[in-house]
Each structure stands twice: as structure tokens, then as C-alpha cells.
Amino acid sequence: MSPASRTKSTPRSAPVDEYDTHPADTHDRIRVHGARENNLKNVDVELLKRRLTVFTGVSGSGKSSLVFSTIAAESQRLINETYSAFVQGFMPSMARPDVDVLEGLTTAIIVDQERMGANVRSTVGTATDANAMLRILFSRLGKPHIGSPQAFSFNVASISGAGAVTVEKGGQKVKERRSFSVTGGMCPRCEGRGDVSDFDLTALYDSSKSLNEGALTIPGYTMDGWYGRIYRGCGYFDPDKPIAKYTKKQLNDLLYKEPTRIKVDGINVTFEGLIPKIQKSMLSKDREAMQPHIRAFVDRAITFQTCPDCEGTRLTAEARSSKINGISIADACSMQISDLAQWVAELDEPSAAPLIKSLREHLDAFVDIGLGYLSLDRPAGTLSGGEAQRTKLIRHLGSSLTDVTYVFDEPSIGLHPHDIARMNDLLRALRDKGNTVLVVEHKPEVIAIADRVVDLGPRAGTDGGEIVFEGTVEELRAADTLTGRHLDDRASVKPDVRTPSGAFEIRGANMHNLQNVDVDIPLGVLVVLTGVAGSGKSSLINSSVAGADGVVSIDQTAIKGSRRSNPATYTGLLEPIRKAFAKANGVKPALFSANSEGACPNCNGAGVVYSDLAMMAGVAAPCEVCEGRRFQAEVLEYTLGGRNISEVLEMSVAQAEEFFADGDAKLIAAQKILRRMVDVGLGYIKVGQPLTTLSGGERQRLKLATHMGEKGDVYILDEPTTGLHLADVEQLLGLLDRLVDSGKSVIVIEHHQAVMAHADWIIDLGPGAGHDGGQIVFEGTPADIVADRSTLTGQHLAEYVGA
């Protein structure tokens, strides 16, 4: 056969056909069979690799259980198992998810919406490695040269020391003098925090009174208690003398004296000054964990001010003196990242070219992802959930890895409709590089770009955990599922708006990027603050409204709670229930708490017994003594309305509300709390369900229900639609209406167009983010902003309502 005829008879596609039938190319799906994690009911699903799959369903339907607790968790566990047992001993141990078969998994990278740690030393720069690169750059190019990269770090203190050391040389021990020094960049005054705290002494005592007259105004420091006896009987000052007349030494003893053993009424006790005692007993605790009256005292007594030595930069004078083209590292970190990226791009220094290129790409990633308005010195704890999620994504943007599974948890959180389009481009870019992208999402704009949609339901909690639809977006529109029916829901602009009863005046607001904003926020109506991410919405509210009297602020911070916490303990519901049980049975209320005297002694009230297996995942088995009920057997003999405490905690919120509504168990205090939980759509969760089993959206609504019980005239809600399904948004709008109709003023920071359309008044900030924002670009009714269309919000809202 001639070469020419051989070429004709053997098509060019032959090698490709052979490649397509290769066994390695048949693994194109992630197969899940029999998933039972949390509320999943033997779920079977096959997901196409290298495609963008969106998981939808109401909050609590099982989306996160399938994506995070099953697929991503097993992928991470299998990767951990590739390390030696020695290394695994240092890693978090993970149990295998409750699933029969999981095949075709690839390495999972989880980009969730957990807020970044609120450590005072953590900034956007330190959390993303941008600061590390900047420090190296300044240590190489900064003039004058002051030292290594450590000299530019506000987390490294300057220390030096000298002394004799004994070394062995030639079989003899010889003493030598050694010295060392470390040059760090930490400001010694504020220790790298940027601000200094001080006590407001007027909050600690009334100087016109004596101790015997009750001068101390610190919670718990009464003159009848032990503290009073110690301070009155210490002998360092006269208890009948007004504090204003104390000598300098007496006042110093009262406030600052070191712990000293003394005898009071014949008993040996320790006397300590007020300030070190408060620092140990109160300030060492997490603010969120404090009791409300302690928290109020701490907020009142401690004042924070910018450190006068470093002017808030956290750095020493030496670190700030070294400059590149007239810019110090403190100046660079305080720049808006988009401006810093431009400055870095203009640097022309061949000796540091690879570093400059890497830093420039890193900063450009911030701009590409829509975070160019941040600065590197921004504390990490002040980022919203959406900002934190996008910040975590930055390190993956330029990655050369392919065939990776990226798992996102509502990436549209905190994004204006204008910004969502940019996020969608990012998700598509990750997929087009050959990665599998799994997204848990509620926003129709993100669902629209999916290659496949998996809808879970039909409802939440025990009524969910099933796959009710799987297919394309177009097929979902035609499907008879909750998501399918609501996917094309479009709220119409409110024809009639309420009349304000007054106004909250803000004048000259200039926090962060606000440009001397003057605005009147109407009271007695539903006001929506909107604008692109970083336009200054939170800054306007936090600087002017949030701290005022009668204002209840409900932000995005996550609920903290262990397995022992549940909706009953978090909302305060358990307190009246315990008292009612105690009264009905003539015993102590502490018996009806699984965290107190009523706890089963075998499992200490946890309901399960844990076995630690070192580097293997621990095993939790139901307690054999209480059978998972958490209480002692004798406690369960006491009843209220024919039910014991364990049976009450097993009730759903809706059942409990009915139970406490009338009859022997009628309890108005409990019913009020339960009614608020039903109002926010949590009627299906169990009263005693551990908080760790609640989804993000359920926790958000639980927090909302709790704060609604606080007394206040103005409610501020920061993105209350976070984690809410399209069907739940309607219920939220009804709740906001009821709040306003009851005489409250409601201010909502929100991007969801349905909430904007439902508002009585819209305040739009912009026009852009960072220093391009911070101005009021529109004030008026939803109908006005749609008709005007002069702002990004107006254009997107008009498109949404079909105007």
C-alpha cells in the first residue's frame, strides 16, 4: 500500500477516537449514592465534571449537607489520608460522611462565606500574603535600608539581649559572651494594634461618694458582697472618705495596686486594684460571650483612640522612614488597592522584577474580583461575609491547577446586581480552565449561568433532603418545584408608599470613604440603603445611626454556638420553660437544664459519648444511660401539661407554640419568643436542635427572631436576605411590613431587588466603590429611581421589574 493510499484509508480522527475510548476518560462524573448526612434521605446524584452546577432549594433543604458535608468533606478527608499517620496526628480528624458510594472525586477547594477571624492583628494584607510581598520589596528597595522584611512587620517586636553562654570546645566548657537583636516593625506604644485603650474612670466610680455610700458603679461590686468587704476592710483608704478626696497614693492603690495578700475579718484574701481586676475578669472574655449588662459596662468604660506614636499605622518610626519613590510601607498599605496596583506597575527595578510582577498580579486579582476599593490595612474582621469570601478566592484566581473541584457558598452575598455579573464571569472562567464548579446559591442571576441545576427540597429540615429536580435552567423553569415556580418571580414597584413620621438627620458623615454626606433618613417607614459593594452603606449607618439610643442593629456576624447550644438556649426560650417546669413540680429550675444539675451523669448532658481515636476520626455513640435524651431519668418524671422537658425540646417550634398557647402549659413568655421564630419561617426546626446542625440561612433568621424581641424604635438589618430562598424573601417582606405597621422604623442595607421594590424610600450610594463612592447619588421612592435610571441601581431595578 502506498503512503498516499494509507493516509486516505486511515482518517486523521483515528488517534482521537482511540483517545476518546481510553478507560481513563470514562471518569467524567462525580457519583453520589445513598447520601444520608444531616437531613439527606438516601440521595443519589451524578454530577458532570468540568461543568458549573448550581444547587438550589429553600434554606435548610440539604444543599450544604450534600455539597459541603458530603462531597467536599470526603474529598478533603481522602487527601488527608495520603499523609503519614504521624502528620495526620497534627491535622483535624474528619469522619467519613454518611454515604454509601462516592466516586470520581477530585481535589476540593472550599471557598465559603465564613467571616475572617476578628484578630486585631489580622488585616487584608496579612490575610492574603500581599503584606509579605510588600515587606520584602521595601527591605530590598526602601531608602534608607533599615533591615530585613521583619523590620516592616507590625507583628514583630524589636528585641535585643546579651549574656554569657557555656559552650563545649575541645572537651572543655568555655563561657562566651553572646548578644542578639531583632529589628521588628511593631509600634512599641500600641504593640502593633493601631489604637490604644483607656479606662473612663467616671464609669468605674462616682468620685463624690465614699465606698460605704456605694461609690463603685461596676456590675457585681456591691458593698454588701465580698468585693465590698475587701475594699472597705483593706486599710489602704478610709471607706467613709469620698474618692475625690483621696491622696495620689490612695487613688493609685484603689485603681492599680498589684495583687497583695491581706486579712479581712480574720480571713486571708487577695486585694487587687480595680483596673487589673476588671482586665482579668471581664476584658479577657470574648465580647459576644458576655452577659448583656457586663457588655454594656465594658462598652461604656473602655475608650479606644488612635495611637499617637504611630498615628494608627501600627509601625515604628523607622519602618515608616524607609521609602520607595517617596512612599512608605504605611502609605502603601493605606492606599486603595486599585491605586496601589497602579503604583506597583510603575516600579522599574530589574533586581526585584519577579517580586514586582507577582505582587502586581496579586493586586490586580483584587481589582478583577471587585475588591479594588479595599486597602491592605483594613482589619480582616471588618470585612462582610461576601468580601471575606472573595478575598479567599484571590489566591486561586491565577492558579495553573486544572481538574479541581471549586465549592462556593453563595458567592453573590454582599454583591450589587452590577457586581454579580463580574462574579459570574469569574465562575465561568474557573470552569473554562477545566475545573468542576459547584455553587450553592439562591440568586436567579447566578442560577441562570449554570450548566446544570440540582434542586433540593421539597421543603426544609425533616421535610427536605430529597432531590426534587435535576436538569438545565430552562427545564427548571418548567418544573413544578418551589424554586421552579419562584425562579421568574419579579416584585412590582409599590404603587403607594407610607408617609414618614419624622427623619433621622445625618450631617457631615466622613467615616472611611464617605465624603461629608448629609442625608435625612425617614422614620416610620421601610428605608432601603443600596449601592455597589464598597460604596459606603455600612459606614454611613455604623458611624451615625447604629450606636444611637433605641436602635436595634442586626448585622451579619455568625451565631456562635457549640453542640450544647440550641434555639431554646440562644433565644432565651429555655429560661421561662425551666421556671414553669420548676413551679409546676416544686423543684429547682436548674434540674431542667442539660448543661446544669439535670444533666445525665454519663454523657454530661451531651446526649452522646465521644471516643477519641487519635489521628482517626472520633466516634460519637448515643449515651446508653439516657438514650440520647440528655437528662437524668428522675428529671424526666416531672411533667408540664403532660410532657416532660425532653419531649418539649423534641417539639418543632410550631408545635411548641401551640403547646404553650393554652391549657396547663400556657406560658405567654415562651409563646412570644416562639411566635417570632414562626414569623421568620423557622416553625419546622426543633426547639432543642443543636445550633451546629442549622444552615447559614436558618441561623440568620434565628438571630433576626431573637433581636426582634429587643425594645427599640429603629431596626437596622444588614442584608437580611442572606441565605434565603426566593420563596422565603416574600415572607421576610411581610415581616418587615408588620414591623413598620407596628410603629417601628426599619432601615435595611440590601442588594436584593425584591426588597428595593418593596421599600417606601431608597437611598442609593455610589457612584462607584472606595474613593469613587461615598456620595448619595439618589434619594426617593422605588418608582422614582426606576423612572430616573441615572444610577446603576436604577438601571438594574428597572430591568428587574420590567419597566
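Me: How many cavities of 30 Å³ or more does the structure hold?

Reply: Please note at the outset that this is a predicted model. The structure holds five cavities of 30 Å³ or more. In the largest cavity there is about 120 Å³ of space.

Me: Which residues lie closest to the centre of the largest cavity?

Reply: A cavity is read through the residues that line it. Here 17 residues line the largest cavity, and Glu410, Lys443, Thr721, Thr722 and His752 are the closest to its centre.

Me: Into which domains is the protein divided?

Reply: There are domain 1 (29–115 + 383–486), domain 2 (195–306), domain 3 (489–559 + 707–802) and domain 4 (560–693). Between the C-alpha centres of domain 2 and domain 3 the distance is 43 Å.

Me: Let us turn to sheets. In what order do the strands of the three-stranded open sheet stand?

Reply: A sheet is read from strand to neighbouring strand, with pairing taken from the bridges between them. In this sheet the order is β2-β1-β4, and the pairing is antiparallel. At the edges stand β2 (43–48) and β4 (101–103); each has a single partner strand, so one side of each is left without a neighbour in the sheet. From one strand to the next, the twist averages 5°.

Me: How many bridges pair strand β1 with β4?

Reply: Strand β1 (residues 29–35) pairs with β4 over three bridges, in the antiparallel sense. Among the residues involved, Arg31 has Glu103 of β4 as its bridge partner.

Me: What is the pairing in the six-stranded open sheet, and which strands stand at its edges?

Reply: The pairing is mixed, and the strands follow the order β5-β14-β15-β3-β16-β17. The edge strands are β5 (108–111) and β17 (466–471), each with a single partner strand, so one side of each has no neighbour in the sheet. The twist in this sheet averages 20° from one strand to the next.

Me: Which strands are joined to β15 by bridges, and in what sense do they run?

Reply: Strand β14 (residues 405–409) is joined to strand β15 (residues 436–440) by five bridges, and the two run parallel. Thr405 stands opposite Thr436 in β15, and Phe408 stands opposite Val439. Strand β3 (residues 52–56) also runs parallel to β15, with four bridges between them. Phe55 has Val440 as its bridge partner in β15.

Me: Are the residues of β15 buried or exposed?

Reply: A residue counts as buried when its relative accessible area is under 20%. Five of the five residues of β15 are buried, so the strand is largely enclosed by the rest of the structure. From β15, Thr436, Leu438 and Val440 point one way, while Val437 and Val439 point the other way.

Me: For contrast, in which helix does Asp788 lie, and why is this residue called partly exposed?

Reply: Asp788 lies in helix α29 (residues 782–788). Its relative accessible area is 40%, and therefore Asp788 is called partly exposed. Phe778 is 10 residues away from Asp788 along the chain, and the C-alpha atoms of the two are separated by 9.3 Å.

Conventions
Residues numbered from 1 in each chain as written. Predicted model: local features only at pLDDT ≥ 70, side-chain atom pairs only at ≥ 80, totals over all residues. Heavy atoms only, no water. Domains from an automatic or database assignment. 1 Å grid on protein atoms, 1.4 Å probe; cavity = no way out; pocket = protein on both sides within 12 Å on 5 of 7 lines; lining within 4 Å. Points joined across faces, edges and corners; volume = space filled by probe spheres on them. Buried < 20%, exposed > 50% of the residue type's maximum accessible area, 1.4 Å probe, protein only. Axes fitted to C-alpha atoms, helices over the stretch in contact; angles between N-to-C directions.
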